[in-house]
Amino acid sequence: MLSIILLGLMFDLWSPGGSPIIPSEESGAPPQFHAPQLRKSLLPSRGKESVSPASREVFTLVEQGLAAGTVESFSDRLDSRVYMQLRGAEGGYHSATQAYYILSSFFKAHKPTAVLFTTYGETDGALYATGAATFASRGVREDMQIYVVLHLSGDRWMITHLNIY
């Protein structure tokens, strides 16, 4: 019975009345499960057209640079302190110069074959884009997720987070 309660809590399976489904030991009837309730997203997400033209330009530069396996197209938009998490490496904060060389090294080992941002949003004054990418590494195809965050620094949108995992 405990496993059913935990299963119900893990997957948010609730009866229409709002209480968890707990089978009665006396009835012997199997529990009836209902479809999980949909929850609102913690971070609002929208399409590319919902972000400002200036930030859209930066996201496009990043998307094109990642697809080409080069950092040059967006390196001037790396903030002075960038948090990066790359697949197979420990995440952490880096200077713009360090981030440039780390990404360049990553692209030597992981050749991009496709990159596409699909979701754009805003949270706490920062803009973000998420998407999918496919890389070839030692002849093996790897599907990865990408997450980029921009903050406004003066009048320029700068990259403060870049995750490829």
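Let's start in strand E2, which covers residues 78–86 and is where Asp 79 sits. Helices (H or I, at least four residues) and strands (E, at least two) are DSSP runs, numbered from the N terminus. This is a predicted model, where local features need pLDDT of at least 70, side-chain atom pairs count only at pLDDT 80 or more, and totals for chains, interfaces and linings use all residues. Residues are numbered from 1 along each chain as its sequence is written, and side-chain values use heavy atoms, with hydrogens and water left out.

Asp 79 is buried but has no salt bridge. Buried means under 20% relative accessible area, exposed over 50%, and partly exposed in between (1.4 Å probe, protein chains only). A salt bridge needs a side-chain nitrogen of Lys or Arg within 4 Å of a carboxyl oxygen of Asp or Glu. The nearest side chain of opposite charge belongs to Arg 81, 7.8 Å away; Lys and Arg count as positive, Asp and Glu as negative, while His and the chain ends are not counted. So what does Asp 79 touch, leaving aside neighbours within four places in sequence? Its contacts (heavy atoms within 4.5 Å) are Ala 96, Met 158, Ile 159 and Thr 160.

Ala 99, Leu 103, Ser 104, Phe 106 and Phe 107 are the buried residues of H3. Looking down the axis, they fall within an arc of 160°, so they line one face of the helix; the arc is that of the directions from the helix axis to the C-beta atoms. On the face turned away from that buried side you'll find the exposed Thr 97, Tyr 101 and Lys 108.

## The nonpolar core

A nonpolar core is a set of buried Ala, Val, Leu, Ile, Met, Phe, Trp, Tyr and Cys residues joined through side-chain atoms within 4.5 Å. The largest one has 30 residues, and those touching the most other members are Phe 59, Leu 66, Leu 103, Phe 117, Val 148, Ile 159 and Ile 164. At least two residues each come from helix H2 (53–68), E2, H3, E4, E5, E6 and strand E7 (156–164).
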